[in-house]
Amino acid sequence: MFDKQQRKLKRSARLISVLSKYGFKDMLARMNTGNKQDTVSVDPDEVISKGTVYERIRLVLEELGPTFVKLGQTFSNREDLLPPELIQELQKLQDKVDTVDMNVEEILENEFNISVKDHFQEIQKQPLATASIAQVYKAVLLDGSPVILKLKKSDVQTVIEDDLLLIKDLEKIVSAYSEIGEKLNLKQAISTFEKSLLEEVSLVNEKENILHFARNFKNNKETYVPKIYEEYSNNNILCMEFIDGIKVTDKTALLAHNIDPVKVSEVGLRLFVSQILDYGFFHADPHAGNILVKKDGKIVFIDFGAVGKIQPNDKEILESLIVSFVAKNSHKIVRQLKKMAVSYEIPDERRFENDVEDILNFVHSSSLQDINVQVIINKMKDILKDNRLHMPDYFYLLFKGISLIEGVGRTINPNLDIVKSLHPYTRKILTKKIKPKNLLKTGMDRMMNFTDNVDEIPKELRSVLQKLDDNKFTVSSEIKNIEKTNQLIKSSVVNLILAMILGANIIATAIVFVSESGPRIGELSLVAVLGFVFSIILILVLLLRVTRK
């Protein structure tokens, strides 16, 4: 506990020193901690006050290290939260990572209690790649299988945990410094970043993501998932099959191996869309460095430290959103966006729908070469920001992923049509929605929602209804035509009861229809036929009652 407190004090002093260096003394003054240990003297000659406040924020993040750089990179696509000038600066952030010395053999022996020479033929001394969290080495197992060893840096977990504490403190400072923190819900956004980063630093989590992806695409012949060697994998080490592949954007190498770049671009896009719409589990960073092409043409996604996950209910809304987009139905798009949003404050519904209509007109009237997905995404982000729609976290990962995968595809195939690739899924979604099993599920879900809504009627309203029923409800003003009003209420209640009976009958009929038991008329169930006839009668009765009144 004492060691943790000491680390935090040391990192806090570092934070205060860097903020002071870049001219944020007025922000520090608002901390008002009263702790002399937090006071850090900075030579006035070293204070950097040149440049805009947004440029200095970027410089602060760069100097504070990898965790803060990742924070800036994460927020660089959140136009809904931050001003354009700051977004522009955050997009300049690049990971500046130095290689650290690692005794790979010693680490393996300590982690797995093995003798390396009994399991590995060779382990390269120099890393293939270095990132802020881990370093990657190539090795060969005793049976001759080439593998990749991803080793987490020794102190990275501690550094990240300490940095996350500081980032939370920084959020409190920003919130105290101005209203922007609370207004933009920075606390929630940083909480999401913390969850994402802790998942990314866990190599067990990355292993599970790869295995999950492998299960999803086990029968797909267009992609390949590297094998995981679980006996040499834990939270600090990930051992997986080495893929001798071609970088997806290396058009010359693809052609040299008789691989059609156009097909690669179309397959890659199709696989990414499948990850989203078929499984709700997608690669969150599909840039060119994370996609390889095997010599047989199969696409290989690597580095699953960060993934997007879509809940089943949200996936259904997303499917409806895709169908509405392809069908050019702006009204339904607006409705689906509102369903999907965590919260929204739309100042002008008509303008919102018109803005969506403008995007649809742009997409469907532009030539293929003129359509830039990033432009469309930016327009969509502007609409979300103008209408204060706060979307789920995966929504912004979708924006990022689609932009990256489309950019990769356009590099080797300028005529790649991302809208056209959605058409097969539109047909698939519509076919799924009209299947009896899905109709039955939808009907039952709606009936349950209706029942829940009835149960949640406020007590005050129930009290009013009870007083009406007991003839104890009085008002101080005169109500004209009270008898007609009572008659209308009674009629509405009868119609509601009939509608509930109709809904229940439709569900029961659907259940009997898919069942093979009971008496039958030819291939049809007699009970289902009677239920269908009864439903028609109820519908006619309801129509007559409604139109008559």
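# Reading the helix packing and loops

Guide: In this predicted model, helix 16 passes helix 17 in a left-handed crossing. A crossing is called left-handed if the near helix is turned anticlockwise from the far one by less than a right angle, and right-handed if clockwise. Residues are numbered from 1 along each chain as its sequence is written, and side-chain values use heavy atoms, with hydrogens and water left out. Because the model is predicted, local features need pLDDT of at least 70 and side-chain atom pairs count only at pLDDT 80 or more, while totals for chains, interfaces and linings use all residues.

Visitor: At what angle do helix 16 and helix 17 pack, and how far apart are their axes?

Guide: Two packed helices are described by the angle between their axes and the distance between the axes. Here helix 16 (residues 373-386) and helix 17 (residues 393-412) pack at about 165 degrees, with axes 9 Å apart. That makes helix 16 roughly antiparallel to helix 17. The axes are lines fitted to C-alpha atoms, for helices over the stretch in contact, and angles run from 0 to 180 degrees between N-to-C directions. Under 35 degrees counts as roughly parallel, over 145 as roughly antiparallel, 65 to 115 as roughly perpendicular and the rest as oblique.

Visitor: Which residues make the contact of helix 16 with helix 17?

Guide: Helix 16 contributes Val373, Gln374, Ile377, Met380, Lys381 and Leu384, and helix 17 contributes Phe395, Phe399, Ile402, Ser403 and Glu406. Contact means heavy atoms within 4.5 Å. By class, the residues where helix 16 meets helix 17 are seven nonpolar, two polar and two charged. Ala, Val, Leu, Ile, Met, Phe, Trp, Tyr, Cys and Pro count as nonpolar, Asp, Glu, Lys and Arg as charged, and the others, Gly among them, as polar.

Visitor: How many residues does the largest nonpolar core have?

Guide: In soluble globular proteins, nonpolar side chains tend to be buried together. The largest nonpolar core here has 71 residues, and Leu337, Met391 and Phe395 have the most contacts inside it. Not counting residues up to four places away in sequence, Phe395 touches Leu321, Leu337, Met340 and Leu384. A second, separate core of 33 residues includes Val18, Val60, Phe75 and Leu90. Such a core is a set of buried Ala, Val, Leu, Ile, Met, Phe, Trp, Tyr and Cys residues joined through side-chain atoms within 4.5 Å. Buried means under 20% relative accessible area, exposed over 50%, and partly exposed in between (1.4 Å probe, protein chains only).

Visitor: How do helix 13 and helix 14 cross?

Guide: The axes of helix 13 (residues 312-326) and helix 14 (residues 330-340) come within 9 Å and cross at roughly 160 degrees. Helix 13 is therefore roughly antiparallel to helix 14, and their crossing is left-handed. On helix 13 the contact includes Ile317, Leu321 and Phe325, and on helix 14 it includes Ile333, Leu337 and Met340. The contact of helix 13 with helix 14 has seven nonpolar, three polar and three charged residues.

Visitor: What is the angle between helix 14 and helix 15?

Guide: Helix 14 packs against helix 15 at about 115 degrees, with the axes 9 Å apart. That makes helix 14 roughly perpendicular to helix 15. Helix 14 passes helix 15 in a right-handed crossing. Among the residues that meet are Ile333, Val334 and Leu337 of helix 14 and Phe352, Val356 and Leu360 of helix 15. This contact of helix 14 with helix 15 has six nonpolar, two polar and four charged residues.

Visitor: Where is Glu345, and which residues does it touch?

Guide: Glu345 is in the loop between helix 14 and helix 15 (349-365). Its relative accessible area is 52%, so Glu345 is exposed. Not counting residues up to four places away in sequence, Glu345 touches Asn387 and Arg388. Glu345 and Asn387 are 42 residues apart along the chain, and their C-alpha atoms are separated by 6.1 Å.

Visitor: What is the phi of Lys328?

Guide: Phi of Lys328 is near 60 degrees, a positive value in a residue other than glycine. Lys328 lies in the loop between helix 13 and helix 14 and counts as partly exposed at 47% relative accessibility.

Visitor: How many helices and strands does the protein have?

Guide: The protein has 22 helices and 12 strands. Helices (H or I, at least four residues) and strands (E, at least two) are DSSP runs, numbered from the N terminus. Of the 549 residues in the protein, 39% are buried.
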